[in-house]
Amino acid sequence: MVPDIIDPIPLAKCRKEASVVPTVDLSAPGAAAAVADACRGVGFFRATNHGVPAALADALEALAAAFFALPHDEKMEHASARPFGYGSKSIGSNGDVGWLEYLLLSVATGSGSSTLPPPLRAALEEYTCAVRDVGGRVLELMAEGLGLDRGALRRMVAGKDGEESGAGEMVRVNHYPACPLASGVTGFGEHTDPQIVSVLRSNRTGGLQIMLRDGRWVPVAPDPDSLFVNVGDSLQVLTNGRFHSVKHRVAAPEAGKLARLSVIYFGGPAASQRIAPLPELLKEGEESLYKDFTWGEYMKAAYKTRLGDNRLSPFELHHCSSSNAVQPQPPPHVAPVH
Ligand SMILES: O=C(O)CCC(=O)C(=O)O
Ligand SMILES: [Fe+2]
């Protein structure tokens, strides 16, 4: 099956709008406020001074590129622990396809990584350790920016012990080879990440696009020295819509271009974790915008959906507006593409 074509964004527009991606220096004194601002706005930001040594990311990138260069049959030997391990072209189990191949790993159980070449496994472990620390620090800054206790969000990410499939923390390595079919072919279709927070690093090949609140898609200029943070669905719920889970997608590189390689850390909750607006955040009289659910219930519902579906909509409550209620910014109104 051939993936859809993404409408190309005119180049002039790309250059002008690249600046809409906020940049936050994680080590600067005003970082907490800047992080919260970015999450209330676009739901996405570029993080500098993050502390992950370039050598770790570069080593992982080189070993991952070598893995993806292996013959198809050899890579398929790492595809038995579904949904973890190696995958090619199909995303999820409901027919979504993209011009990519990937490795999906569970941080807690090591599922998906146990059969990988030991040097790649070691590089993944080392990088994961560093990037999950960034995820934790970013969650602390978010909490501080919201006026909460520093640990209020960080503690919602499941610890490393005994998590079942789909829950907790995951790492995904995506490889998008140049696509000879056409330009603008979908590498990874539009979606929001269901977890709390995602932290992405890519090589110098672009392709990632985010959707602004007004529905426009803008490209994210690649920057291997920075990390990109996005708000996930769970964080939108935990903040009762104050933070915005950003829609994003990836266009595969055109023929002749260098493959895109990205590594994403997903900070997710434990299956039993209740996902509901944090009471300490709610103003007096403010009602939850969402039905009560656990992360396990959300995952179960999400498994039945397509990548581009708004997975939160079945959990949304529609209150009559009250004068006390915080009015969330309008969601990016997008019809499912599939
Ligand atoms: O590969 C990328 O740049 C982004 C992929 C993505 O959004 C995901 O894996 O959830
Ligand atoms: Fe994503």
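Modeller: Before we start, one convention: an angle of 65 to 115 degrees between two axes counts as roughly perpendicular. Please also keep in mind that this is a predicted model.

Colleague: Thanks! Then what makes α2 and α5 roughly perpendicular to each other?

Modeller: Helix α2 (residues 31-40) and helix α5 (residues 118-145) pack at an angle of about 85°. That value falls in the range from 65 to 115 degrees, and α2 and α5 are therefore called roughly perpendicular. Their axes are 7 Å apart.

Colleague: Which residues of α2 and α5 make the contact?

Modeller: On the α2 side they are Ala31, Ala32, Ala33, Val35, Ala36 and Cys39. Helix α5 contributes Val138, Leu141, Met142, Glu144 and Gly145.

Colleague: How do the residues of this contact divide into nonpolar, polar and charged?

Modeller: Nine are nonpolar, one is polar and one is charged. Glu counts as charged and Gly as polar, so Glu144 and Gly145 of α5 are the residues behind those last two entries.

Colleague: And which residues touch the most other members of the largest nonpolar core?

Modeller: That core has 88 residues, and the ones with the most contacts to other members are Val35, Phe44, Val138, Met142, Val199 and Val229. Helix α5 supplies the largest share of the core, ten residues. As for Val229, its contacts beyond four places in sequence are Phe44, Phe45, Ala47, Val138, Val197 and Val199.

Colleague: Phe45 turns up there. Why is Phe45 called buried?

Modeller: Phe45, which lies in strand β2, has 25 other C-beta atoms within 10 Å. The cut-off for buried is 20 or more, so Phe45 qualifies. Its contacts beyond four places in sequence are Val21, Pro22, Thr23, Val24, Val35, Ala38 and Val229. Phe67, by contrast, is 22 residues from Phe45 in sequence and 30 Å from it in space, C-alpha to C-alpha.

Colleague: How do you know that His244 is buried?

Modeller: By the count again: His244 has 24 other C-beta atoms within 10 Å, and 20 or more is enough. His244 sits in the loop between α6 and β11 (248-251).

Colleague: What makes Leu282 partly exposed?

Modeller: Its count is 17, which lies between the limits of 12 or fewer for exposed and 20 or more for buried. Leu282 belongs to the loop between β13 and β14. Beyond four places in sequence, Leu282 is in contact with Asn240 and Pro277.

Colleague: And why does Asn49 count as exposed?

Modeller: Asn49 has 12 C-beta neighbours inside 10 Å. Exposed means 12 or fewer, so Asn49 meets the limit. Asn49 is in the loop between β2 (44-48) and α3 (54-68), and its phi is near 50°, a positive value in a residue other than glycine.

Colleague: One last thing: which residues are buried in helix α7 (residues 295-303)?

Modeller: They are Trp295, Tyr298 and Met299.

Colleague: How do you know that they are on the same side of α7?

Modeller: They cover an arc of only 100° around the axis, which puts them on the same side. An α-helix has 3.6 residues a turn, so residues three or four places apart point the same way. The buried residues of α7 pack against α6 (233-238), β13 (274-275) and β14 (293-294).

Terms used
Residues numbered from 1 in each chain as written. Chains lettered and ligands numbered in written order. Predicted model: local features only at pLDDT ≥ 70, side-chain atom pairs only at ≥ 80, totals over all residues. Helix = DSSP H or I, 4+ residues; strand = E, 2+ residues; numbered from the N terminus. Arc of directions from axis to C-beta. Contact = placed C-beta atoms within 7 Å. Axes fitted to C-alpha atoms, helices over the stretch in contact; angles between N-to-C directions. Parallel < 35°, antiparallel > 145°, perpendicular 65-115°, else oblique. Core = buried A, V, L, I, M, F, W, Y, C linked by C-beta atoms within 7 Å.
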